[in-house]
Amino acid sequence: MEKDALDGTRDRVGQLASAELYASQCREIRNIGTGAFGAALLVEVTMTRERFVVKKIPLEHLGEGDREKALTEAALLRSLRHPTIC
């Protein structure tokens with residue numbers, strides 16, 4: 001994948017980061033794995049039919065300590081730069 005194409009994909013995925021946009025523009029296809037804080041889901045952007053894996057971490061049921069750990073994990077994932085990670 002070319003760098004420019006990857007940057008465009010990162011931009012599109014970043015735009016879906018709000019819960020409202022995600023809910024209105026993505027279709028969850030299936031759960032592909034679960035972890036301590038959430039689940040990895042295969043999703044499809046309804047308009048473009050692009051497919052991504054999204055890590056979904058619901059925070060409302062977590063205690064303060066686990067919530068901080070989940071937010072730290074989310075920050076770590078956001079900082080990664082790799083051709084297959086958006």
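**Close-up views of a predicted model**

**Whole chain.** The accessible surface of the protein chain comes to about 6,300 Å², and 56% of that belongs to carbon and sulfur atoms (Shrake-Rupley method, 1.4 Å probe; for residues, only the protein chains shown count as cover). This is a predicted model: local features need pLDDT of at least 70, side-chain atom pairs count only at pLDDT 80 or more, and totals for chains, interfaces and linings use all residues. Residues are numbered from 1 along each chain as its sequence is written, and side-chain values use heavy atoms, without hydrogens and water. The chain has 3 helices and 3 strands (DSSP runs numbered from the N terminus: helices are H or I, at least four residues; strands are E, at least two). Their pattern along the sequence is α-α-β-β-β-α. Of the 86 residues, 21% are buried (under 20% relative accessible area, 1.4 Å probe, protein chains only).

**Leucine 42 in strand S2.** Strand S2 spans residues 39-45 and holds leucine 42. Leucine 42 is buried, at 14% relative accessible area. Valine 53 is 11 residues away in sequence, yet the C-alpha to C-alpha distance is 4.5 Å. Beyond four places in sequence, the contacts of leucine 42 include Ile29, Ile32 and Phe52 (heavy atoms within 4.5 Å).

**Glutamate 44 and arginine 51.** Glutamate 44 also lies in strand S2. Glutamate 44 is buried, with a relative accessible area of 5%. Its side chain makes a polar contact of 3.2 Å with the side chain of arginine 51 (a pair of N or O atoms within 3.5 Å; within protein, one must be able to donate a hydrogen and the other to accept it, and residues adjacent in sequence count only if both atoms are side-chain atoms). Setting aside residues up to four places away in sequence, glutamate 44 touches Gln25, Cys26 and Arg49, among others.

Notes. Buried < 20%, exposed > 50% of the residue type's maximum accessible area, 1.4 Å probe, protein only.
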